[in-house]
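I'd like to walk you through one model today, sheet by sheet. Here it is on the screen.

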Amino acid sequence: MTPTPGDRIVARPAERTDGPGPDVVVEPDAEVLARVAATALVARLAAAQAVHGTASVVLTGGGVGTAVLRHVAGLAEEPARERVDWTAVDVWWGDERFVPADDDERNEKGARAALLDRVGVPAERVHAMPASDAGFAEPEDAAEWYAGQLAAAAGEGPLPRFDVLLLGMGPEGHVASIFPHSPAATDERPVVAVRDCPKPPPTRVSLGFPAITSAEEVWLLVSGEGKADAVASALGGADPVDLPAAGARGRRATRWLLDAAAADRLPGAEA
Ligand SMILES: O=C(O)[C@H](O)[C@@H](O)[C@H](O)[C@H](O)COP(=O)(O)O
């Protein structure tokens, strides 16, 4: 039987005072994880459209994040499946590499190939972060422009509704382009320029914590044994400055979608 989200809740850490505690879902491997996350994402976006008429999703780069998008595109081709109206989905990014538009390092490029160009999201709903050859000399200018795009979409307040915000996580606990002990980890702006990233490329634009934590739901997609220590620390209550993933929380839900290897060091993990 294909596992579905929630099949194996291995940990539900204590309720926190500033929102619901995280749910942890473990799937056998990265492939199943991506498939299950894709099915859940389609359901969540369809539900948002039923309520609001539109849905919004914040995308991540990374291996699992891109695999999820490929599975979502596959689901869109299955007539019997739950449907998302892709003409009524706003697509944002959690972070982007400040490199030329046609650079393979662009998260946007991967997302377009995996999903967006396949399901026909209208151009005006694809809110890519600027490339380095898009007329912004500095990433700070690009970050400010993106904050303006978010505010314009919000109507009131600085941020629009994000129904689901997807994040990958690095082995040291970075999310989006917020790296441990970087200025971005404590920046109070919704969008920040990031320089001197420990992981190349060094110059990026990222949502900051105020934007990430404004999302209705934050889903962290994490696979591989190299992430197991960071997963355990984040769920164990690490300081987000030390381990940014610990600060990635949604208003209504925070969902850690793990494969078994990434969940291996969680207390109480099932064999
Ligand atoms: O910008 C980056 O450096 C990556 O996109 C990064 O944020 C990625 O999401 C994580 O490192 C997880 O990546 P994997 O899922 O491939 O391990």
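Let's start with the three-stranded open sheet, which has the order β4-β7-β6 and antiparallel pairing. Its edges are β4 and β6, each with a single partner strand, so each has one side left without a neighbour in the sheet. From one strand to the next, the twist averages 15 degrees.

Before I go on, some housekeeping. This is a predicted model, with local features needing pLDDT of at least 70 and side-chain atom pairs counting only at pLDDT 80 or more, while totals for chains, interfaces and linings use all residues. Residues are numbered from 1 along each chain as its sequence is written, and side-chain values use heavy atoms, with hydrogens and water left out. Helices (H or I, at least four residues) and strands (E, at least two) are DSSP runs numbered from the N terminus, and two strands pair if DSSP finds at least two bridges between them.

Back to β7. Strand β4, residues 95-97, pairs with β7 over three antiparallel bridges, and glutamate 96 has valine 205 as its bridge partner there. With β6, residues 191-194, there are four bridges, again antiparallel, and valine 192 sits opposite serine 206 of β7.

Where do the β7 side chains go? Arg204 and Ser206 point one way, Val205 and Leu207 the other, and all are buried; buried here is under 20% relative accessible area, exposed is over 50%, and partly exposed is in between, with a 1.4 Å probe and protein chains only.

Lying across β6 and β7 is helix α4, residues 139-154, which runs at about 165 degrees to β6. Those angles run from 0 to 180 degrees between N-to-C directions, using axes fitted to C-alpha atoms, for helices over the stretch in contact.

Leaving aside neighbours within four places in sequence, leucine 207 is in contact (heavy atoms within 4.5 Å) with a list of residues including Trp93, Tyr146, Leu150, Phe162 and Ile212. Which residues touch the most other members of the largest nonpolar core? Trp93, Leu207 and Trp256, out of 87 residues. Helix α1, residues 30-52, gives this core its largest share, ten residues. By nonpolar core I mean a set of buried Ala, Val, Leu, Ile, Met, Phe, Trp, Tyr and Cys residues joined through side-chain atoms within 4.5 Å.

On to the other sheet. Six strands make an open, parallel sheet in the order β1-β9-β8-β5-β2-β3. β1 and β3 are the edge strands, each pairing on one side only, and the twist averages 20 degrees from one strand to the next.

β9, residues 253-259, is largely enclosed by the rest of the structure, because six of its seven residues are buried. Strand β1 (residues 23-27) pairs with β9 over five parallel bridges, with valine 25 opposite leucine 257. β8, residues 217-222, joins β9 through six bridges, also parallel, and tryptophan 256 in β9 is the bridge partner of leucine 220. Further along, glutamate 217 stands opposite alanine 253. Between β8 and β9 the chain crosses through helix α6, residues 228-235, in a right-handed β-α-β crossover: strands pointing away from you, the path from the first strand over the helix to the second runs clockwise.

At the other end, helix α3 (residues 107-119) lies across β2 and β3, at about 150 degrees to β3. That's my tour, so over to you.
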